[in-house]
Amino acid sequence: MSEQPGPGGALVPLPDLDADGRAAFTHGGREYAVFTLDGQVVVTDGACPHKGGPLAEGLVRDGAVRCPWHWYTFDLATGVCRSAESAPLRRHEVLDVDGRPHARVVPPATVSLAERLRAHARGED
Ligand code: FES
C-alpha cells in the first residue's frame, strides 16, 4: 500500500469494504479494522486493547464492536469500552485523498523494535 509517513502518521488507502461495510488491513506490522457506522467509515486498531483479540472479526451492534475473545464492547464513535474497565479502542482519522478514502494511521507511542524491523523489511517506513 502507498503511504506518506510522517510524524502525524501514514496515509493508507482503505481496502474495499465487504457487503457488511467492513474490512481489515495491515500496515507497519499492525492490524487495523474498518467499520461503517451510520454511513461513515470508522478505522480502529485491529487488536483489542484488552488482550489483542481480532476486532475485525467482532460482532457489530448498536454502534459498537464486541471483541470475539472476551466480549469487551467498544463504542465505535468514541472508542470507549462499554462493558469493562479497559483502555479505549484507538480510532484513526479517515479522509478523502483524490476521491478515495484513506486512513491516517498513527502507531502507538511504544512500537516494538520487532514491529519497526518488520515494517522496514516491507519497505513501509
Ligand atoms: S482480547 Fe478483546 S476482550 Fe479480551
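Visitor: Among contacts between residues at least 6 apart in sequence, what percentage join residues at least 24 apart?

Guide: Welcome to a predicted model, where local features need pLDDT of at least 70, side-chain atom pairs count only at pLDDT 80 or more, and totals for chains, interfaces and linings use all residues. Numbering starts from 1 along each chain as its sequence is written. A contact here is a pair of residues whose C-beta atoms, placed from the backbone, lie within 7 Å. Among contacts between residues at least 6 apart in sequence, the part joining residues at least 24 apart is 36%.

Visitor: In what order do the elements run from the N terminus on?

Guide: Helices (H or I, at least four residues) and strands (E, at least two) are DSSP runs, numbered from the N terminus. The protein has 1 helix and 9 strands. From the N terminus on, the order is β-β-β-β-β-β-β-β-β-α.

Visitor: Which strands stand at the edges of the sheet?

Guide: Two strands pair if DSSP finds at least two bridges between them. The open sheet has 6 strands with antiparallel pairing, in the order S1-S9-S8-S4-S3-S2. Each edge strand has a single partner, so one of its sides is left without a neighbour in the sheet. The two at the edges are S1 and S2 (23-27).

Visitor: Which residue in S3 stands opposite Thr26?

Guide: S2 and S3 run antiparallel and are joined by 5 bridges. Opposite Thr26 stands Glu31.

Visitor: Is Val94 buried, partly exposed or exposed?

Guide: A residue is buried if 20 or more other C-beta atoms lie within 10 Å of its own, exposed if 12 or fewer, and partly exposed in between, with C-beta atoms placed from the backbone. Val94 is found in S8 (residues 91-97). Because 15 other C-beta atoms lie within 10 Å, Val94 is partly exposed.

Visitor: How many Å apart in space are Val94 and Val41, C-alpha to C-alpha?

Guide: Leaving aside neighbours within four places in sequence, Val94 is in contact with Val41, Val43, Pro101 and Ala103. Val94 and Val41 are 53 residues apart in sequence, and their C-alpha to C-alpha distance is 7.1 Å.

Conventions:
Contact = placed C-beta atoms within 7 Å.
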